[in-house]
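Here's a quick briefing to read alongside the model. Have the structure open and follow along.

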Amino acid sequence: MRRDRFLLAATLTAIFSADLYFVLLPKLRGVRRTQGLSCSCGSGNLSLPALEGLATPQLSNWTRGPPPPGLAAGGRKLEKLFAHPLYDIRTPALGPEERLLQTEQLLDYYRRKVSRWERHMKLYSEAAAVANVTVTKHKMIYDRDASWLKFHVGINRYALYSRDDPAVVRLLGDMQSMAVVSADYTQDEKALKGACDCTQVVKPSGHHLKLALKMHNFAKVMFKPMRQQRDEETPDDVFYFVDFQRHNAEIAASHLDRILDFRRVPPVAGRRVNVTGEVLQVAHNEDLRAVFFTSPANNTCFFAKCLYVCKTEYAVCGSPDLLEGSLSAYLPGLSIAPRLSIPNPWARSYTFTGREEWEVNPFYCDTIKQMYPYNSGNRLLNIIDMSIFDFLIGNMDRHHYEIFTKFGDEGFILHLDNARGFGKHSRDEMSILAPLSQCCLIKRSTLLRLQLLAQPEFQLSDVMRESLGGDPLWPVLTEPHLLALDRRLQKVLRAVQRCVRRLGEDEVITQDFVKPAVRAQTATEGAASR
Ligand SMILES: Nc1ncnc2c1ncn2[C@@H]1O[C@H](COP(=O)(O)OP(=O)(O)OP(=O)(O)O)[C@@H](O)[C@H]1O
Ligand SMILES: [Mn+2]
């Protein structure tokens, strides 16, 4: 028995060392590289790309197959939206410097993943055999055409994917259906090792229940289980930073991101996950296995590591095994595609009483405009885009944003972690729009799309309903949440209108593309002033 334990411990040590060598060390090196990079970047070498954030057209949508019942009659607005000339603004041809990764580099990375998996599984199976533990064996495949690989190859300076990339549709399908072969804590949870400091109300993030799942073709996803029923509204007395993470918000946010044509959120699919077969039985991490239990109702449940320290955390349970969740496609590992996490200048105070400067100083934006990297290029405009996105979904938890270091200040910004959106449909939190209302700036491309989505012909709630109809967890959002999107969209347009009235169109609306494919403005002209 002692020998068994020793073997198991040795296996775990080996796995940890491999993680240290392959994941943590490269990450640290990446951070060091990044620090060097940011020091050498003067503001002088920045330029506003003529076509920033806009890419090639595509007509297909994410809805696979016929629309769900009830949609057929009014459907197909989404298709029409994506066929609109405003969704046909092209980016220049992508050279190697505009792509995050080259195919050969990715295939190399994939091969390393495969051999690492084989080594792990060999050691783990040996240890498990000795300890008399049954290991579920899955047939793994090395597939050069895997949709996750194509998604990674497609990431470029302008967006996470292009509109016409069929790999994204395939990836959503794969995430919904592929066999899960392993489940583990995510890297940030591992770094915390279950430590919970309740004097810090938001950090560490370890008390959220999220896991990394691996599929049989080595696709990796971040799984956030359902914590709250769709029709429950966050009670008024709950602070945004102790609010639940909502799996349906992650799914809906990725659809909205695509509808706004930002493409700054990784694709997210809903799925009913079998917490016994697809999580517990494929968890090779003893810490993770230890948080599983069977409830009195005979359901399989698991809880966050600090359940008994942080009183707000409760277990989630399958019924008896199936549990809804969101699966977000992983970005390429930090060892090959380092990212930088940057504090949001409009972040909130994560204490019960604190106020940040932007909340009390109406001239806050003037200070930000003087500061690097917001004093040139399009970073500030991208922050304003992000605030519009967050206002629409009602997300008050945007403490940081991330960028790929490869693209430096000229790249787009990632909108990761949207799980605290869609908490309250009956309230519009105007303070989320502070970057827009304080700076009075907006990209022309963003404004034109917002105006288009306000028209009855498209109607944001209709295209969202249609888009979400393609997800297995349809209807991802309840009707009041969908309708809140239309109401909030009007408020964004009114905020722009107030700025234009005060400062004039030339000051407020930034021309961010040279020339639309046709005179797209005609369809939308004047919508902001209505
Ligand atoms: N799709 C993804 N691919 C790769 N990494 C991701 C992805 N989504 C999130 N991450 C990374 O994992 C970190 C934690 O994810 P997320 O913010 O969604 O969880 P969280 O539990 O809310 O954490 P926190 O409290 O730190 O915000 C993110 O800051 C990001 O760096
Ligand atoms: Mn978060």
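**Quick briefing**

Let's start with Asn-132, which sits in the loop between helix 3 (103-130) and helix 4. Helices here are DSSP runs of H or I with at least four residues, strands are runs of E with at least two, and both are numbered from the N terminus. This is a predicted model, so local features are held to a pLDDT of at least 70 and side-chain atom pairs count only at pLDDT 80 or more, while totals for chains, interfaces and linings use all residues. Residue numbers run from 1 along each chain as its sequence is written, with chains lettered from A and ligands numbered from 1 in the order in which they are written.

- Asn-132 has a phi near 65°, a positive value in a residue other than glycine.
- With 7 other C-beta atoms within 10 Å, Asn-132 is exposed; the scale calls a residue buried at 20 or more other C-beta atoms within 10 Å of its own, exposed at 12 or fewer and partly exposed in between, with C-beta atoms placed from the backbone.
- Phe-218 isn't a glycine either, yet its phi is positive at about 75°.
- You'll find Phe-218 in the loop between strand 2 (211-215) and strand 3 (220-225), and it counts as partly exposed because it has 18 C-beta neighbours inside 10 Å.
- The peptide bond from Tyr-372 to Pro-373 is cis, with omega near 5°, and Pro-373 lies in the loop between helix 11 (364-370) and helix 12.
- There's also a cis peptide bond from Trp-474 to Pro-475, where omega is near -5°; Pro-475 belongs to the loop between helix 15 (460-468) and helix 16 (479-503).
- For context, most residues other than glycine have a negative phi, and most peptide bonds are trans.

**The annotated site**

- An unreviewed UniProt entry places the feature "active site" at Asp-397; UniProt positions follow the numbering used here, feature names are shortened, and annotations may be inferred rather than shown by experiment.
- Asp-397 is in the loop between helix 12 (379-393) and strand 10 (400-404).
- Is Asp-397 buried or exposed? It counts as buried, because it has 21 C-beta neighbours inside 10 Å.
- Leaving out residues up to four places away in sequence, Asp-397 touches Tyr-240, Phe-241 and Arg-420, where contact means C-beta atoms, placed from the backbone, within 7 Å.

**Helix packing**

- Helix 4 (residues 147-154) and helix 5 (residues 166-177) pack at about 140°, their axes 8 Å apart; axes are lines fitted to C-alpha atoms, for helices over the stretch in contact, and angles run from 0 to 180 degrees between N-to-C directions.
- That angle makes helix 4 oblique to helix 5, since under 35 degrees counts as roughly parallel, over 145 as roughly antiparallel, 65 to 115 as roughly perpendicular and the rest as oblique.
- On the helix 4 side the contact uses Ser-147, Trp-148, Lys-150, Phe-151 and Gly-154, and on the helix 5 side Ala-167, Val-168, Arg-170, Leu-171 and Asp-174.
- Helix 7 (residues 247-259) and helix 12 pack at about 135°, with axes 11 Å apart, and are therefore oblique to each other.

**A covered helix**

- Helix 15 is mostly covered, with eight of its nine residues buried.
- Those buried residues are Leu-460, Asp-462, Val-463, Met-464, Arg-465, Glu-466, Ser-467 and Leu-468.
- Their cover includes helix 2 (77-83), helix 7, helix 14 (444-454) and helix 16.

**Whole chain and confidence**

- The chain has 18 helices and twelve strands, and 40% of its 530 residues count as buried.
- Among contacts between residues at least 6 apart in sequence, 79% join residues at least 24 apart.
- Average pLDDT (the predictor's confidence in each residue, from 0 to 100) is 83 for the chain, and 78% of the residues score at least 70.
- The model scores ipTM 0.94 and pTM 0.84.

Definitions and conventions:
Two residues are in contact if their C-beta atoms, placed from the backbone, lie within 7 Å.
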